Every structure is written in structure tokens, then in C-alpha cells.
Amino acid sequence: MAGMTVGELRDAAARIRWYHSMNIGHGVVTRGEADPQVYLRRLHLPARLDGSSVLDIGAWDGFYSFEAERRGAKRVLATDHFCWSGPGWGTKAGFDLAHNALSSKVKSLDIDVMDLAPERVGTFDLVLFLGVLYHLRHPLLALERVFSVTGKQLILETHVDMLFSSRPACAFYPGGELNRDTTNWFGPNPRALIAMLQDVGFRHVEAVWRPRPLPLRLARAIWYAGIGREPFRLARINQSRCVVHAWR
Ligand SMILES: C[S@@+](CC[C@H](N)C(=O)[O-])C[C@H]1O[C@@H](n2cnc3c(N)ncnc32)[C@H](O)[C@@H]1O
């Protein structure tokens, strides 16, 4: 950690609005909106990434970029725009502070998903595209961009919807329909997600974490309503998260 005492680091961390709750060393754990450890378990990220290059698209505070570095990746690039310098509520302050505190060698680039191209960033053995797809107005086009910078493998985590349908289907959320967040646009079902990835060129696509079965989703919706976390909404039982691995 360059140029800071632990007390200064703790104070600097307390002034930042974090997205990721994460340990940035020296006994400092950030208080974020999201606990990425929960999602990390679902990703099936290789235990070791020695010698690999990794691109983390939509990195925000950088938890997954730093995790890839910790697992031995030799080159990690964290990219974001919306929450670093765009209209999102976040900033890059958390990433920069964590980067310094962890004495990280992760590189960063402020670039929109839609501007990703091999000429701009190169290609990477492993691409992480986590929690971003449903925020995009043009998901299929975005997946084309993601494919273009994937050297070997993609790990994609996203919100899914339309789980009742046995056909490839996608929900559209105009005007903040999903979680009253106007940055949420589309919720494909896993079947549509896999078909979209195949359509942009991935040869082998596999869901490694699938939505829980209907009775469990129903029980969860009732439980959340019971503890006052959110009102009971039937649409919720057709929504979940999904993790997909895709290979070129
Ligand atoms: C829910 S956060 C996920 C952050 C991190 N990848 C994770 O999984 O914890 C969504 C990320 O997508 C990025 N993003 C890119 N384009 C976006 C857009 N058009 N609207 C909202 N977020 C967008 C945000 O900047 C943010 O970092």
C-alpha cells in the first residue's frame, strides 16, 4: 500500500460508496451493496489461473479482477465505463483504492461494452461478463463484442426471466419494470441465453449454475414477502440468476 497508513486507508474506504463488499487487506473490509462471495461460488472460476490473461468487463470495484490476479492470472484487464465515469451512481474510487491497498498489477481501462474490440483491448484467455448483460439495451450486439475479445472461454453471470417457457424467450423491462431500476432492460431465459451465445459464435455453451426449481423460487418469494424484504410478486417466481460457460 503506497503512501497510506492503515488508519488513512480505513477512513478513505469509509468515504466511498462501494458496490462490492470485499477485503482490501490490512484488516479493512468494504461495506458494499453486493457480497460477491455468494456469486463467486456459483461461477466455477478455475481455482488457479496461472499464466492466463483475464478480461473483467463491467468490473466496478474490481472484486473479480483482483480475485483473478490472486488466482495467478499473469495479465488482468478491468474495464468499465457506466459506473466509472458514465451515468451510473458508482465511481472508480473504490477500484483505485483497492488497487493501491492490494498493491495490484491489474490494469484498467475506461471503455463501454459496445466499444470492446480486439484492436482496442486485445483478446483474453478468459473473459468475465458478470452482472452486466441485463443492463444493456442491445444484448445480442453486446455479446458479439464480448465474443470478439474472447480468446478461449467466457464466464457469464446474469439475471434470467421467463423460466416458465420451454422456448427461447426474453422479458423486456421498459421504464424500470425490474427492481425499479431503469438500467435493467432484458431478462432472457437460460435457453435463450445459450442460443444467443451460440448465435454470436461460441461453439460450446454450458450452464454451470441454473435457476432453482419452481417450488424453491416460490418459497423464496413468499419468504421475502414475509420478512418485508419486498412485496410478493408472481412475476418474481419466473426470475433468477444463471451462470454460463462458453468456449470458442
Ligand atoms: C451489477 S454491476 C456488476 C458489477 C460486477 N461485474 C459484478 O458482477 O459484481 C453492473 C456493471 O455493469 C456496468 N455497465 C455497463 N454498461 C452498463 C449500462 N448500460 N447500464 C448499467 N450498467 C452498465 C456497470 O458500470 C457495472 O459495473
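This is a predicted model: local features need pLDDT of at least 70, side-chain atom pairs count only at pLDDT 80 or more; totals for chains, interfaces and linings use all residues.
A polar contact is a pair of N or O atoms within 3.5 Å of each other.

Consider first the protein as a whole. Its secondary structure amounts to 8 helices and 11 strands. The radius of gyration is 18 Å, close to the 18 Å that the globule rule gives for 248 residues, so the protein is as compact as a globular protein of that length. Along the principal axes, the C-alpha atoms fill a box of roughly 55 × 45 × 35 Å.

The ligand may be considered next. Around the ligand stand 15 residues, and the closest are His20, Gly58, Asp80, Cys83 and Leu130. Sorted by class, this shell consists of 9 nonpolar, 5 polar and 1 charged residues.

Which backbone atoms lie 2.8 Å or 3.5 Å from a nitrogen atom of the ligand? A backbone N or O atom of Leu130 is found at 2.8 Å from a ligand nitrogen, and a backbone N or O atom of His135 is found at 3.5 Å from a ligand nitrogen. A polar backbone atom of Cys83, in turn, lies 3.0 Å from an oxygen atom of the ligand. How much of the ligand's area does the protein bury? Taken alone, the ligand exposes 580 Å², and the protein buries 89% of that area.

Leu218, Ile222, Phe232 and Leu234 make a nonpolar surface patch of about 380 Å². One of these residues, Ile222, belongs to helix H8, which comprises residues 214-226.

Key:
Residues are numbered from 1 along each chain as its sequence is written. Side-chain values use heavy atoms; hydrogens and water are left out. A residue is near a molecule or strand if one of its heavy atoms lies within 4 Å of it. A polar contact is a pair of N or O atoms within 3.5 Å; within protein, one must be able to donate a hydrogen and the other to accept it, and residues adjacent in sequence count only if both atoms are side-chain atoms. Accessible areas come from the Shrake-Rupley method with a 1.4 Å probe; for residues, only the protein chains shown count as cover. Ala, Val, Leu, Ile, Met, Phe, Trp, Tyr, Cys and Pro count as nonpolar, Asp, Glu, Lys and Arg as charged, and the others, Gly among them, as polar. Patches are made of residues with over 30% relative accessible area and no salt bridge: like charges are joined within 9 Å, nonpolar side chains (Val, Leu, Ile, Met, Phe, Trp, Tyr) within 5 Å. A salt bridge is a side-chain nitrogen of Lys or Arg within 4 Å of a carboxyl oxygen of Asp or Glu. Helices (H or I, at least four residues) and strands (E, at least two) are DSSP runs, numbered from the N terminus. The radius of gyration is taken over C-alpha atoms; the globule rule is 2.2 Å times the number of residues to the power 0.38.
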